[in-house]
Amino acid sequence: MIYDIIIIGGGVTGCSIARTLSKYDLKICVLEKEAEIASGTTKANSGVIHAGFASPREYVKRHMCIKGNKLYTQAVKELNFPFKRIGSFVVALEDEQIKKLEEERKKGIEDGIPDLELILDKDTILYMEPNLTEDVVGVLHAPSAGIVSPYELTFALAENASLNGVKFFRNQEVIKIKHQDYIFTVRTYKGEFQGKNLINAAGLYASQISKMLGLDYFSILPRKGEYILFDRNALQLNKVLFPMATKVSKGILVCPTLHGNTFIGPNAQNITDREDLSTTTAGLKEILEGGKKLIPNLPLRSPIRNFAGLRAVPDDYDFIIDNTDVYGFINVAGILSPGLTATFAIAEKVVDYLELLGLELKAREDYNPIRPKPDRFKDFTKEELDIKIHEDPAWGRIVCRCETIPEREIIDAIHAPVGAKTVDGIKFRCRPGMGRCQGGFCRPRVIEILARELGLPYEEITKRGEDTNILIGKTKDIALRDIPGGATRE
Amino acid sequence: MSELEIPEGSKEIRCIVCPTGCLVHVENVNGELIIEGHSCKRGEVYAREEFIAPRRILTTTIRVEDGFLPLIPVRSDKPLPKERLQEALKEIAITKIKAPIKMGDILIEKVIGLDANIIASRDLVEA
Amino acid sequence: MNSYEVDVVVIGGGSAGLAAAIVVKKAKLNVLILERDKELGGITLQCIHNGFGLHEFEEELTGPEYVQRFINQVKELEIPFKLDTMVIEFTAEKIVYAVNNKEGLIEIKAKAIILAMGCRERTRGAINMPGFRPAGIYTAGQAQRFVNIEGYLPGRSYVILGSGDIGMIMARRLTWEGCKVKAVVEILPYVSGLIRNQVQCLEDYGIPLITSYTVTKIHGRDRVKGVTISKVDRNFDRVIGSEKFIECDTLLLSVGLIPENELTREAGAKISEMGGPIVDNNLETTLNGVFACGNVLQVHDLVDLVTAEAKRAGLNAVEYIKSRYGKEEEEVGSIKCTSGENVGYVKPDLIPKSELEKDIIFTFRVKKPDRRIQIQFKDENNKILYKKKRRYVIPSEMLELKLNLSDLQIDTTSKKIIIEVIPRLEVLIEED
């Protein structure tokens, strides 16, 4: 089978491109290196939809951010992923900083960012965000900013793309690419794929992929950002809170999540190892101090998790979206912040490039843009729940106490298109393991359900793919190993 | 029960009878036991037993066939000599018991030939 | 929606819930136990080691044997219970909502509720431990559940962080199943659990106990490959240069237990700083007719004391229904019970003035171990109401005292009493 388009990378960028292209009558596949999609930068970032004033005007990413921000409204209606436009504050703690905020406001309005405003009245600011430090002297308020669950967005994109014919292949780390007679042959550890057009959305590994075709004109360096997540009851924030930005990054935010948690982070540390997702004592200390500047009463007694994400940083800090010298090969690399915000704009640009390459874009007849909202226990009223459980008992067996997740949500997550096959896959799709007890109660049940639904023994269930097995054997296995025969008695 | 031989040498034994945890020195001096460092009679008795013939209750699990659970918790109904626990564990490891089981059922009689049985610590119904 | 009306709902079918329900049934009221797991017994079921029952039955039993006796009584007394049933909410008006896959949503109107939900374990995230997040990190209780109930081993070679009893018990358990436990690492300068476990779980097997150390890094991206441990100073700050690497494929965390009061909080009851609900001497929370007992109220060391506390809660719930339910609650002033020197927390949190004539059971824990001390109860004017000598106190042993404050001549206009644990005066003089 020769695909019209092969997309390397199953993160938000690759899945967004796949979904946008799925409205056309094309044969498309996505190759993802890990056991689950949304395993890289997509699952460990701030989840902020930016208004777009932070990047300098000469950057492509500024305009794509402003455009992409607007496209979220329609996308949410079609794909039903968690998203809320709660607005953001950039917080000035010194009077000299106000001038800079005013400049950004002016430029932002000119470039089409809606309702950007400077608020200098402290009472108003603290009314809008009561937890903010009293040292605030002014804020730049962007009502169009919002928060999204980046991985739930990605699952929604992939499910809809899959429904519209896109094929997803996992555990497919690309090792070699050949281009001959206008056909790309992509070899992975597990197979071989052929396609007429190739899109490189490989995140941290985008420059390696590009080099496989002899295109060595950019480099991607990983920049680590650490986060601390606080318990749900700990704090109620109304806005995404930014400090004044530095040259390097937007700074250490304090931000609410769609599930009621609060997080702080990220810091910014250049590293060389693309797989180094460790958090560090120094890094955690840094983000705690940064967070306290904005929110003096951070709920220090209630952290539930810390984690790190890696940004894919290109040399010149701007998106690399290129129709390259290799005909049919498009680079979509260096999609660092505001890449999540820009995602729909990025996808549209890729479509434009494919059109330029002569690809025929005929509409798919049975294209269905709607991915229905997944049913969640927490969204139903008591009466609705009662009916649902009677229709389907799997709604009545609660597996995750902290987040109230029934067995049905887990089974659905496994059997969804591009569904979960690992414990982390379940965790990111429907949340068991994300609560206060971090899987203490639900882990055995999640493993049991995965094993049953996938037809695997418990020992083969992994945390996130190969070599991350959770259990190494049955209780007596090691003891029996030393006994020849291991005979049964009675 | 026959007279147990008193081992040679000496040992520092931490008493576990109460949380004070006295460190008791026990020494074999020409066949007689010298015990010092304890603060009470119970501690002296414990230290003597621990020096001459340390014993432990074994608590583990046995594999179950056709049961509500794949394992049943069990224990030895008498303390076993400490140095023979590994042997006992091996015999337990190769054993499989069929459900249903009632708490107190003897699942292994005279484990490794000792005067002690392995009994069920709970009821376990069939699957 | 199935609706029930019962006298008492017991949330949780573990050691606490079972004992409370039995007492209520024996008092001829009707009671219903709601349990989320697939059988009764709670956490005690997976504690297959012995050491239980010395107070309650004057026998030494394993956990399952201990709780089986209560399960048998529940069945003999024909106390109704629901399994695989999760309580999702209860209200201050004592309406309980639960779900299971047979009945759907269940609504139960109760005259009194007894909370017995137990506790959960502190996790790695809760202690801000940095490093990679590979497979192979468990809490000790999680590992215990897998090994003893589910029938699976988490790994082959272990480092255990935390020398509390659960951690030490698991060290022995895993050794008995053929695994290798490389070390038990403890951040305090002394063992956190019982000496008996230090001897019979660690020393018996040559497992080193490394005190004043903690895990500062986890190695291995996909699966744990080892941990780095570092010494800590008196402020628990890392001592640079003291790092040691221990190879292992599993890290077990035994770093504390937290009472599970999500439901309690959502119902509007006040929760104290140590995580359990605020209660009076009758174990009644700040919601009328809602009582708490067992680990959900305060983390216990001995299940026997859980049983005793649960029986009291049951009796008090019965008394509440007989004499107070349906009547207007009177406003009564109360005396706060607060922690003084070297005391971590005290239960009860308050005593209504109308209860001062009764014998009151105080439970508390010290913050630091100490020897030859004096426990003192005093009022806010430093008048000493009661004192008692003890040879030793350790944080891992909950202390219990039964006192009658009225007999001790407490001033009824007092607003609070303070419980403290201080070195004995004679000791101080000796050291001069």
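How many Å separate the centres of domain 1 of chain C and domain 3 of chain C, taken over C-alpha atoms? I looked this up and got 28 Å.

I note that this is a predicted model, in which local features need pLDDT of at least 70, side-chain atom pairs count only at pLDDT 80 or more, and totals for chains, interfaces and linings use all residues. Residues are numbered from 1 along each chain as its sequence is written, chains are lettered from A and ligands numbered from 1 in the order in which they are written.

**Chain C, domains.** I have domain 1 as 2-120 + 258-323, domain 2 as 123-255 and domain 3 as 334-430; the bounds come from an automatic or database domain assignment.

**Chain A, domains.** I looked up domain 1 (1-82 + 148-218 + 315-373) and domain 3 (377-460), two of the domains of chain A. Their C-alpha centres lie 29 Å apart. The contact takes 12 residues from domain 1 of chain A and 10 from domain 3 of chain A. Helix H5 (residues 150-163) of chain A gives the largest share of the domain 1 side, six residues (helices are DSSP runs of H or I, at least four residues, strands runs of E, at least two, numbered from the N terminus).

How values were computed. Two residues are in contact if their C-beta atoms, placed from the backbone, lie within 7 Å.
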